[in-house]
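Me: I'm new to this structure and would like to learn how to read it. Could you take me through a few features?
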Amino acid sequence: MKTLNNFHIKYKDMVRNITTGIIALCFLLTACSPQEDDSYKLGGSQVEIPQNVKITAVDNDNEVVITFDPMTIIDGDDVLAVQFSSAEAGINFTVKDASTTVLKKKVYRSGEYTLYVAAITRAGTGTPREIPFTVAKNLLLETLSESVLPEVVKYGIDATHQETFYKNELYIEENSIITLAGAIGNDDAIVNLDFFVRESTTTAKFVGKSGVYSIYWNPVRKNVIVEPITAIEAPDYYVFTGVGIGYPTTVSSEDIKAAYGAGDGRYTTEWDPGKNIRSRVVMRSTGENTYQATICINEGAAFKPFSNTGWAGEIKTAAATFTGSDIIDKTKENDWVPNGNLDKNAYYRITVNSSTKAVDIKKVSATGEVLEDVEIDPDAPVESSIFSIANAKSQEIAGEAILSMYYTLKKGDEYTPNGGLAKALFNVDFFEKVAGGKLKFLGEDGDYRLLYNPIRNNVIVSVDEPQPNDYIFIAGVGLGYPTKVSAAIISSVYSDKGIATLENWGFSNVMEYILFRKVNNNIYQATVMIPFEKKYWGEGPYASFKVYTATSTEAANEKGAKFFSEAGGITGTATGIVTEILDIPEDNNMDIFAKLPAATLRITVDMNAKSMKVDNIVLP
C-alpha cells in the first residue's frame, strides 16, 4: 500500500541521487590543477589520509614548500580531492588529482604553524592529518627602517648616472600601525602619503589593502615609495606618468641633482608608466572607480593618469572636470599642464574618478594633512619660472590689445616662456636667450609688468613706480621697442601705425617711452628701433628724442644732445645716427633727419661721464 510516508522516502532518495549526480558532474567539469581557496566544507567524514603517504611542509626563505606523494586516493568517486590548509599561514589549496605533488605559498610572518591535510569526500571533509612547520624569518612589516630594506636597486638617470634605492617585498596588514625607525623615523622623511597616514614622527597607519608590497627607501630624497607586487592596473590602481612630477620629498631639486650629478631633482623626466618608480606614480584605489595619488609638480610639467602600465585608459584634460586647487591649465586638451597658480614647493593630493572623470586637487602637508588654499590676489605678482598668458590680464594701451602679466623676477634666474610667448621677442635689455628656449633675467630683483603685444609679437618690460637713479627713459617721436613684425602687418591691424610707438613725446602710457635698464653705477642701456617710416609735424620721415631722468618732460629731467656732446661725447658704431645727433639744433633735441635705413640701436648712457654710445645691433 502506498502511503504518504513511503512517497516521502522515495522522493528523498530521488533527490539524493540527483544531487550526487550534480556534484559528480560539477567535479568532472572542474579543472584538475590545484586551486587555492576552494571550499569543500560538506560536513563530517571518517576518511583519513593513509599514513604511508609522505607529506612535508618546509620553509624556504619565507616560501612554504609542501611536498607529498601522489594522492592516489583521489578516485573521483568516494574521494573527490585533498585539501591542504593553514588558516594562520594563509594556506588553502585543493588538489584534485594525483599528478600534483608540490604546492608553494609565501608566508611572511615568522612562527610555528600547523598544516591540516584532509580528504574531501561526497560525505564531507575527512579527518585531517596535522603537519607542523616553522617559518623562521619575519617579513611582516611591523617596523619600517633601513635595516628591513636590504636589497640595493639602481635605476639609470642617464647613460652615466644612477639613482640608488633600498628595497624589500614585505607583507603589510591593512590598518596596522607601523613603527618608523632610523632615518625614516624623522620629520624630514616622507612615507608614501597615499598608502600611509602619518600618526606621529615614529608611527604611521597603513591604509592600503592587506598584501605584499615593494617598499623603496631613498636616503637622498628621504622618502619611502610603495608599489604593489601585483599588476598596477584598474580596478585596484591607476598610474600617473609624464615629465615634471614626482613622489613628495622634503629635499630640494637642487640638492637631489647635486647628489646624483644629473636628472631633474624631484621630478620625472620621461613618459613611461611601465618602466619603474622613476617614471611613474601609483594611484591607490580609495573607492569604486576612485583613485588617489599625492605628488609634487614642477613648473612646465606635462602628465596624466592611465588605467594600467600599458598606456590604457588615459584621462585627458579636456575630458576631466577639475575642482579644488586651481593649478591645471584647462586650455590644454590632452596632457595635464600646470598654470601660474602652481606652487612648485607644495604637495598635491589628486583624486580621480575614472567613471565620471571628476578630478579633485588638494594641497597637503608633508604628513598628508589637507591645507587651505590661500586665495590668490589677481593683482599680486606671480612667482613662477613659467611665463604664461594664463596669468595675463587683457588691457588696451595706446589703442592696442595687450596681455599684461605681473611677475616677481630675480636677477640671474631662468624663465620658460609658454605657448605663444615662446616665439615672442622679449625685451632684449632685460632678458637674454639661453639654452632650452629659456630666458635669463638681467634686471634687478623685483616686480615687473610683462606686456605682450600679440600683433607686434614682442614683450615690453615696465615697472609700476620706477625710482630715480634706478631707471632713465627715452621720450620723443619716431622710435619704438624692437619687433620682428613688419610695419605692413602692424598697420593691417592698427591703421596709421607702424613699428614706431613713440608718437606724442610724453609719458601717458608705457608705449610712449622706452625704459633703460641700469647696468652699472649710473650707467643705463636701452634698445630701440628707428624705422624712418612716418612724417611728424609736417616734416619728412625722421626721429627725435631726449633722455629723461624721470617720467616727466620737465626741463629739469631732460638730457639732450648738448648735455652729452659738450661733456663725455656721443659715439658708437651707428655712425650715420651719431652724425645726425651731433648736428645739434637750437632746441637740443636729438634729431635724425637724414634718409637712413631703418635701424636697431643699443643706446648706452653713462651719467657719470655724461656720455652716450649708439651702436647697431642684431636682434636675437
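Predicted model: local features only at pLDDT ≥ 70, side-chain atom pairs only at ≥ 80, totals over all residues.
Me: Which residue is the bridge partner of Ile 474 in strand 37?

Reply: Residues are numbered from 1 along each chain as its sequence is written, and side-chain values use heavy atoms, leaving out hydrogens and water. Strands are DSSP runs of E, at least two residues, numbered from the N terminus. Two of them pair if DSSP finds at least two bridges between them. Here, Ile 514 is the partner of Ile 474 in strand 37. Strand 36 (residues 473-477) pairs with strand 37 (residues 513-515) in the antiparallel sense, over three bridges.

Me: What is the bridge partner of Ile 474 in strand 40?

Reply: That is Val 547. Strand 40 (residues 543-548) is also antiparallel to strand 36, with five bridges.

Me: Which residues of strand 36 are buried on each side?

Reply: In a regular strand, side chains alternate between the two faces of the sheet. Buried means under 20% relative accessible area, exposed over 50%, partly exposed in between (1.4 Å probe, protein chains only). On one side Phe 473, Ala 475 and Val 477 are buried, and on the other Ile 474 and Gly 476 are.

Me: Why does Ser 404 count as buried?

Reply: Because its relative accessibility is 7%. Ser 404 belongs to strand 29 (residues 400-409).

Note on methods
Helix = DSSP H or I, 4+ residues; strand = E, 2+ residues; numbered from the N terminus.
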